[in-house]
Amino acid sequence: MIQKDLHIAFITPEYPNINGAVGGIGTFTYNLARELVVKQHTVSVFVHSQSESRVFLDKGVKVHLVKKKTLKGFTWLSNRLFFNAYVNRVVVQDHISILEA
């Protein structure tokens, strides 16, 4: 039996309806997140490397858009370190039980 009060989070590079273009990963994450909300779980989605940072609710799913951080010559590293720190902070703050990347 699955516990009903889990807070489940996903990390993804795309999510429907935020930038117009979405593929299979975004659609899969969206559909799974929505079903988990229906099953009474709390769900968050972290979308990395976006053009802006913002947090919003999408049909019960808390979506975190995380802006890409650039540092000439070190963009991949600086972006990854910033994103990891952001996610770790929210995991503790929001008591996330499961994080799927």
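Buried residues (under 20% relative accessible area with a 1.4 Å probe, protein chains only) make up 36% of the 101 residues in this protein chain. Keep in mind that this is a predicted model, where local features need pLDDT of at least 70, side-chain atom pairs count only at pLDDT 80 or more, and totals for chains, interfaces and linings use all residues. Residues are numbered from 1 along each chain as its sequence is written, and side-chain values use heavy atoms, with hydrogens and water left out.

**Fold and overall shape**
- The chain has two helices and five strands, taken as DSSP runs (H or I of at least four residues for helices, E of at least two for strands).
- Going along the sequence, you get β-α-β-β-β-α-β.
- The C-alpha atoms fill a box of roughly 50 × 30 × 20 Å along the principal axes.
- Among contacts (heavy atoms within 4.5 Å) with a separation of 6 or more, 51% join residues 24 or more positions apart.

**Aromatic pairs**
- There are two aromatic pairs, meaning Phe, Tyr or Trp rings (the six-membered one for Trp) with centres within 6.5 Å; planes under 30 degrees apart are stacked, over 60 edge-to-face, and the rest tilted.
- Tyr15 and Tyr30 pair up edge-to-face, 5.7 Å centre to centre with 65° between the planes.
- Tyr15 sits in the loop between β1 (7–12) and α1 (24–38), and Tyr30 in helix α1, 15 residues apart.
- Tyr15 is buried at 1% relative accessibility, and Tyr30 is buried at 16%.
- Phe46 and Tyr86 are also edge-to-face, at 6.2 Å and 80°.
- Phe46 is in strand β2 (residues 42–50) and Tyr86 in helix α2 (residues 75–93), so this pair ties together parts 40 residues apart in sequence.
- Phe46 is buried at 0% relative accessibility.

Key. Buried means under 20% relative accessible area, exposed over 50%, partly exposed in between (1.4 Å probe, protein chains only).
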